[in-house]
Amino acid sequence: MLPIPAEELNGSGTLGPYWTFYRAVVAEQLSRWLPATPSVVLDLSGGRGRWSGQLARAGHRVIEVLDFRRVADPQARLRTVDGQPWLREADAPGHEAGEVRQVRADDLSFLPDESVDAVVAEERAMSIELMAESAMSDVARVLRPGGRVLVCVDSLVLGMAILAEQGQWQHLRQTGEVMLVPWPDGSITRCFSSAQLQELLIGAGLEVEWVRPRTVLSPSTVDHVLGSGTRALTWLVRTELEAHPDDDDTVGIHLVASARKA
């Protein structure tokens, strides 16, 4: 059985309290991870989340890439969503702190080398992007020395559970091979072990700071605790983030990692 039913994994369905908790964990983790001073932050979450707004409210200049690697029109990648020309320099005059600039792009060629201070790839962006090695090399290229990347991917736990639900028992073994998982909606995503996620980052020339499950608490536990009072959510989030399940890829549907460019 899936730890969370497949139809619930996009945040819909009956597990509303769990996804409220999940998003609160992401928001707090992101808040703790972000640079302490105003910086240029690249958001590769594909417009699927709310994270660019959080980045901007924290005082950063944000470049939000929409539809990362999914644009049919090659000219679209050099336009912002309002049709205005894209500025070659991410931190050029006119891009104020607290502002989000959006661009549609299928790669990062619109950005110069070493032009951003941090990269956020939430919403499973590197699992949706099957050629993750190429994408991560591009991330490393645009990062300034000392810059950091935060990336979230589907875990092998999730991938194996989906395959089991589909009756594809012949694929249910952990190997060093890439695991591509077909979803009920016809899409395909890539699942990672903690070792594979570290290899992805190291292969791009980045130094891994940590890898951990995004959450280790089950939906049933979250639902039970949230029913106990109005302060329960804050307590749950703090408990989750103070746990230390580093490199443990036997729990959790998603893995999250932080890495730095030397």
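Author: A residue is called buried under 20% relative accessible area, exposed over 50% and partly exposed in between (1.4 Å probe, protein chains only). Met131 therefore counts as exposed, at 54% relative accessibility. The model is predicted, so local features need pLDDT of at least 70 and side-chain atom pairs pLDDT 80 or more, while totals for chains, interfaces and linings use all residues. Residues are numbered from 1 along each chain, and side-chain values use heavy atoms, without hydrogens and water.

Met131 sits in the loop between helix H3 (125–128) and helix H4 (132–142); helices (H or I, at least four residues) and strands (E, at least two) are DSSP runs numbered from the N terminus.

Turning to charged pairs, a salt bridge places a side-chain nitrogen of Lys or Arg within 4 Å of a carboxyl oxygen of Asp or Glu. The count by this rule is 12 salt bridges. In one of them, Glu114 pairs with Lys261, with 3.9 Å between the closest N and O atoms. This pair links distant parts of the chain, 147 residues apart: Glu114 is in the loop between strand E3 (100–104) and strand E4 (116–121), and Lys261 in strand E9 (residues 254–261). Glu114 is partly exposed at 42% relative accessibility, whereas Lys261 is buried at 14%.

Arg124 and Asp154 form another salt bridge, their closest N and O atoms 2.6 Å apart. Because Arg124 lies in the loop between E4 and H3 and Asp154 in strand E5, this pair ties together parts 30 residues apart in sequence. Both Arg124 and Asp154 are buried. Asp113, Asp138 and Arg141, in turn, are joined in a network of salt bridges.
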